[in-house]
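The entries below follow the order in which I checked them.

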Amino acid sequence: MAHCTVPEAEAVLDKEYPVLDKGFVRLVDYMGGDARIVQAARVSYGAGTKTVREDAALIDYLLRHQHTSPFEQVVLTFHIRMPVFVARQWVRHRTARMNEVSGRYSVMSEDCYLPAAEDIAVQSADNKQGRANEPVSQAQADEVLAQMTADQQHAYDGYQQLLENGIARELARINLPLSLYTELYWQIDLHNLFHFLKLRLDSHAQREIRAYAQVLLDITKKVAPLAAASFENHIQHGVSFSGEEMEALRAVLAGKESPLAGKKQERFEAKLEQSVQL
């Protein structure tokens with residue numbers, strides 16, 4: 001199998017894409033692209049035996065029917081700088097390989113994340129794990145940012161004082177805040193990257209990790225544009241219905257009332273609304 005080089009991906013290798021106030025994403029390395037997916041699917045054929053249009057149709061078919069193994073042939077390695085609270089969500093995706101900077105060996109940077117004023121909001125009334133859509137007033141945002149800044153500085157000053165007193169780095173670090181920036185190398189195959197992006201680009205995901213997910217998708221489009229287009233079409237912008245919901249959909253299309261009720265009906269209506277918005 002020939003080595004797959006993608007000119008668009010080569011052009012962005014080691015380029016820093018800024019995320020949030022002090023973070024970034026870099027594509028460090030990649031293996032394969034759309035051509036590798038096609039080669040893996042047509043294992044008995046060589047490169048160049050099909051047109052781009054036919055390759056796109058094959059990739060779309062594979063993704064649409066969840067034939068995932070050819071997508072696992074493509075691997076991307078990223079260098080990412082993110083706040084610790086984002087990294088703690090990130091590690092829930094265990095289908096990747098990761099190395100993170102260690103506070104036992106290194107003195108941690110003093111950089112901490114501060115949200116933009118327009119991203120500061122009260123707790124959502126209908127989402128137990130998220131914030132409301134409307135930001136707080138500028139005056140309240142200023143108060144929040146001032147408090148966050150002071151707390152972050154106090155915590156880092158204490159960390160530095162412990163280090164200056166000779167306390168072990170592995171102990172001195174333990175009071176550092178979740179807003180502190182950390183860095184990691186993250187390697188993942190394209191199939192599992194698409195699963196990550198499906199979850200972390202969703203409107204219910206935390207805003208900060210969504211920002212990273214969008215940059216990852218933008219970079220992935222450089223490596224495997226045909227596969228990324230299929231992902232956007234069928235997964236990111238697609239809506240799936242359960243068996244019960246399909247029955248309700250058929251009823252609605254026939255001019256009848258939905259047989260669902262309560263939470264099931266609410267979820268069904270939310271999917272219909274999402275379908276219209278998409």
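I began with the contact of helix α7 and helix α8, taking contact as heavy atoms within 4.5 Å. From α7, the residues Leu190, Leu193, Phe194, Phe196, Leu197 and Arg200 meet Ile209, Arg210, Ala213, Leu216, Leu217 and Thr220 of α8. I sorted the residues of this contact into 9 nonpolar, 1 polar and 2 charged. The classes were Ala, Val, Leu, Ile, Met, Phe, Trp, Tyr, Cys and Pro as nonpolar, Asp, Glu, Lys and Arg as charged, and the others, Gly among them, as polar.

This is a predicted model, in which local features need pLDDT of at least 70 and side-chain atom pairs count only at pLDDT 80 or more, while totals for chains, interfaces and linings use all residues. Residues are numbered from 1 along each chain as its sequence is written, and side-chain values use heavy atoms, with hydrogens and water left out.

Next I took the geometry of the two helices. The axes of α7 (residues 190-200) and α8 (residues 207-223) come within 9 Å and cross at roughly 140°. That makes α7 oblique to α8 (under 35 degrees is roughly parallel, over 145 roughly antiparallel, 65 to 115 roughly perpendicular, the rest oblique). Axes are lines fitted to C-alpha atoms, for helices over the stretch in contact, with angles from 0 to 180 degrees between N-to-C directions. Helices (H or I, at least four residues) and strands (E, at least two) are DSSP runs, numbered from the N terminus.

I then turned to the sheet. It is open, with 5 strands in the order β1-β2-β3-β5-β4 and antiparallel pairing; two strands pair if DSSP finds at least two bridges between them. β1 (16-19) and β4 are the edge strands, each pairing on one side only. Neighbouring strands are turned by 20° against each other on average, direction ignored. I found α7 packed on this sheet, touching β3 and β5, and its direction makes about 130° with that of β5.

I checked individual pairings. β3 (residues 75-83) and β5 (residues 181-189) are antiparallel over 9 bridges, and arginine 81 has glutamate 183 in β5 as its bridge partner. β4 (residues 97-100) is joined to β5 by 4 bridges, also antiparallel, and asparagine 99 stands opposite tyrosine 185 in β5. β1 pairs with β2 (residues 23-31) in the antiparallel sense over 4 bridges, where proline 18 stands opposite phenylalanine 24 in β2.
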